[in-house]
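I opened this notebook to record what I looked up in one structure.

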Amino acid sequence: MAKKRVMVAAENIDVSAVKYDREEIKAPHLTGFLLKLFVWIVEAPILGSLIISVLKKQNKMTQLLRNTSIPEAPMFKPEFPPQEPETGVVVVDEDGKPEDRVEVAFKCLPNYDPATSFNGDASLSFRYWKIRDYAYAYRSKIATPSMVAEHIISALEEFSNKTPPQPLLLSFDAEELRNQAAASTKRFEEGNPISILDGIFVAIKDDIDCYPHPSKGGTTWMHEVRTVSKDAACVSKLRSCGVIFIGKANMHEMGMGTTGNNPNYGTTRNPHALDRYTGGSSSGPAAIVASGLCSAALGTDGGGSVRIPSSLCGVVGLKTTYGRTDIGGALCDAGTVEIIGPIASTVEDVILVYSVILGASLADRISLRPSPPSVPDLSLYESLNVLGSLRLGKYTAWFNDVHSTDISVKCEDVLSLLSKNHGCEIAEIVIPELHEMRTAHLVSIGSECVSSLSPDCEDGNGVRLTYDTRTSMALFRSFSASDYVTAQCIRRRIMYHHMEIFKKVDVIVTPTTGMTAPKIPPSALKDGETDMQVTGDLMRFIIAANLLGLPAISVPVGYDKHGLPIGLQLIGRPWGEASILRLASAVEELCVKSKKRPASYFDVLKSKEGGAFTAKTTL
């Protein structure tokens, strides 16, 4: 019987005939002894290949990758058509000084009087301190960076005594933190702060270099084979603005997971519910920001690793256009789906950090030809007119494919408010070949992971990876060169579909995740777990931004019936960060009064006499 399947050229697909099929991932959920046994089986030479082959066939991967003829040529990294300039924006100089760019971004923020935050605002039940609040406190001598540093150190010491371990940081040096804070405090005393970010505390994910800390990638051994001699490009830009780095944040090992589980050092807990995952792989960065310990953090995003934990922890996470930021100095700096992006408690803080770290590498400028970077000008009334002209695309059948209707209903409510309050148009769209898109992303990121890690794994470190990482690696090793090329042909098809959609709408809107924070099985703490059903739910809406390199942002919009955060995702055109940041700011403003204080929260800025940090309940 013939197995060959021939795809119709992407431009000839009848979109009106496309029907949404919910994808059920067929794979066992394993922890403890069964997980160890499964790893032993899949790593066995013959039996392992057989098991992996069966799983791939059950999940319709083999037919697509081995038996399908695809007319499109491969696209080995994102290729973008020329884009129309964004309106209502201010262009920033990516070759200029980072401190000059952040000053431009600061002037584009809406009017705000930080003094009101310290006097209290009875209309808000909870609000995070903004970077502008810290800047005001330092300049008004209400606090100093050194005072805040001591509060952070006290909080981190409390976390270090948890049983079982649930560390926020994998590398932390209290004296090094004090030295950075003392230098910043001195600059303020001399009346010479470097920028609005001087004295602002930031955490760095453990797969991004931040000297003198090691980069372990959540493993027990990466720092033994790869030394850190300087900051990653993005970290260096932040340091030049006076940012204080508190250390390297916990993560899912090598970024190969969506929950944040890490049996090597302990699993970071969700600040809103300590029995639940943060999401991953940027688990530590999101939890640190949500806990109030840092204004912002840097994470990497190759498959939702900034947006998923941001959504589950109730903070803001930006995935930039592929190549917009220089990924040099990250463990994943050779991939075609990964970026470095900011996580912060507010959209305006994301804008400030983004303005500093943007700037493409020389190689990406040559190959990608990026549009000039810009930030939204939110300081003018005309900004509302720009917002009202935005057309938002929603694929309803996909939008509603969530674990709980709490998610789709809450996100739908926000879209209704955008339409009612700002005049945004909501248009129905259809996105073909979602299964093909997911498979192409899996083959792409998996093959690139194997290429990066194989030398060290063959050198004996493969057995030192966690069991769930070894399960992923067994699958990734099964992909052939022809599988990879096929995936890149699919990438071109999916890019065509999305560019056609962006001729009709400005932004694609979805829930960020298909479920809120999942519970942590106690049996998963020691040896980890593999649960592809949960992974599928968490990644349902994530993939396009990574496979195609599109900008996307997750912004919190409320909570489910269990009090767990829900995020709305905004996916923009290539190089369209300013547009999604503007829209995210409007979404945030619509939802500001529903903000809840996390169960685990530290107020490291406003404290009682004696310098002890306190829990902030009202402002």
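The entries below follow the order in which I looked things up.

**Basis.** I worked from a predicted model, in which local features need pLDDT of at least 70, side-chain atom pairs count only at pLDDT 80 or more, and totals for chains, interfaces and linings use all residues. Residues are numbered from 1 along each chain as its sequence is written, and side-chain values use heavy atoms, with hydrogens and water left out.

**Cysteines.** I first looked for disulfides, a disulfide being a pair of cysteine sulfur atoms within 2.5 Å. The count by this rule is zero. Cys108 takes part in no disulfide, and the nearest cysteine sulfur, that of Cys241, is 16 Å away. For Cys449, I found the closest cysteine sulfur in Cys332, at 8.5 Å, which is too far for a bond.

I then checked accessibility, where buried means under 20% relative accessible area, exposed over 50%, and partly exposed in between (1.4 Å probe, protein chains only). Cys108 is buried at 5%, and Cys449 is buried at 16%.

**H18 and H20.** I took helices as DSSP runs (H or I, at least four residues), numbered from the N terminus. Helix H18 (residues 434–461) packs with helix H20 (residues 481–501) at an angle of about 135°, and their axes are 8 Å apart. Axes are lines fitted to C-alpha atoms, for helices over the stretch in contact, and angles run from 0 to 180 degrees between N-to-C directions. H18 is thus oblique to H20, since angles under 35 degrees count as roughly parallel, over 145 as roughly antiparallel, 65 to 115 as roughly perpendicular and the rest as oblique. I listed the contacts (heavy atoms within 4.5 Å): among them, Met437 and Ala440 belong to the H18 side, and Tyr484 and Ile494 to the H20 side.

**H13 and H24.** How do these two helices lie relative to each other? Helix H13 (residues 347–357) and helix H24 (residues 577–591) pack at about 155°, with axes 9 Å apart, and they are therefore roughly antiparallel. In H13, I noted Val347, Val350, Ile351 and Tyr354, which meet Glu577, Leu581, Ala584, Ser585 and Glu588 in H24.

**H22.** Last, I examined helix H22 (residues 532–539), where six of the eight residues are buried, so the helix is largely enclosed by the rest of the structure. I recorded the buried residues as Val534, Thr535, Gly536, Asp537, Leu538 and Met539. They pack against helix H12 (307–313), H18 and helix H23 (543–547).
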